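Open the model in your viewer and keep the sequence panel beside it. The tour goes from one selection to the next and says what to look for at each stop.

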Amino acid sequence: MLVPLSRLRLALPRVLLHPAARFVSQSTPSGAAGSAALTDLQPATEAHGHGEVSPYVKNPDFHGFSSDPVVDVWNMRVAFFFGISVALVIGGTFIHYLPDHGMRQWARREAERIVLQRERDGLPIMEENYYDSSKIVLPTAGSQ
């Protein structure tokens with residue numbers, strides 16, 4: 001996997017340093033299309049020497065933050081520091097300290113407390129009836 005990338009690294013400066021050339025068909029023109037065909041290769045020329053130069057030619061380590069190489073490197077370092085390091089640390093801390101909205105931790109602690117209390121009092125951990133049947137008021141058969 002790394003071998004093709006190293007080949008690309010060696011070929012990239014050569015591609016960027018040489019301007020692109022126009023390649024035109026060298027075949028003989030036929031019919032009406034022959035009047036507009038070019039028969040020789042014309043290198044790309046820049047008008048009056050004011051052509052746009054790629055930032056990668058000026059600075060091979062261009063990161064896209066600034067045209068000044070020093071500012072570009074510092075802006076890249078700051079962006080990655082805040083974008084990755086700080087986001088991971090603050091994000092992880094925030095998620096860790098979120099409140100327990102499902103009350104799972106409280107329910108577990110309460111259940112353990114009740115089990116210990118019932119074992120200490122000599123009562124069964126769970127009773128047959130969830131509610132105390134003496135406290136339940138049932139309607140009479142005639143009130144329906």
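Predicted model: local features only at pLDDT ≥ 70, side-chain atom pairs only at ≥ 80, totals over all residues.

Begin by selecting F81, which is partly exposed at a relative accessible area of 45%. Here buried means under 20% relative accessible area, exposed over 50%, and partly exposed in between, with a 1.4 Å probe and protein chains only. Residues are numbered from 1 along each chain as its sequence is written, and side-chain values use heavy atoms, leaving out hydrogens and water.

**Aromatic pairs**

How many aromatic pairs does the structure hold? There are two. Rings of Phe, Tyr and Trp (its six-membered ring) pair if their centres lie within 6.5 Å; planes under 30 degrees apart count as stacked, over 60 as edge-to-face and the rest as tilted. With F81 and F82 still selected, look at their rings: the pair is edge-to-face, at 5.2 Å centre to centre and 75 degrees between the planes. Next select Y130 and Y131, whose ring centres are 4.9 Å apart with planes at 85 degrees, so this pair is edge-to-face. Y130 and Y131 are both exposed.

**Helix α3**

Helices (H or I, at least four residues) and strands (E, at least two) are DSSP runs, numbered from the N terminus.

Select residues 69-96, the 28 residues of helix α3, whose end C-alpha atoms are 39 Å apart, in agreement with the 40 Å they should span at 1.5 Å a residue. The expected span is 1.5 Å times one less than the number of residues. Centre the view on A87 to find a kink of about 35 degrees in α3; the bend at a residue is the angle between axes fitted to the seven residues ending there and the seven starting there.

Then select W74 and R77: the charged end of R77 sits over the ring of W74, 5.5 Å from its centre. The test is that NZ of Lys or CZ of Arg is within 6 Å of the ring centre and within 35 degrees of the ring normal.

**From the loop into α4**

Move to M103, in the loop between α3 and α4. M103 is not a glycine, yet its phi is positive, about 55 degrees. Most residues other than glycine have a negative phi. M103 is partly exposed, with a relative accessible area of 44%.

Helix α4 covers residues 104-121 and includes R118. Is R118 buried or exposed? At 17% relative accessibility, R118 counts as buried. Leaving aside neighbours within four places in sequence, R118 is in contact (heavy atoms within 4.5 Å) with L123, P124, I125 and E127. Finish at G122, which follows α4 and has a positive phi near 80 degrees.
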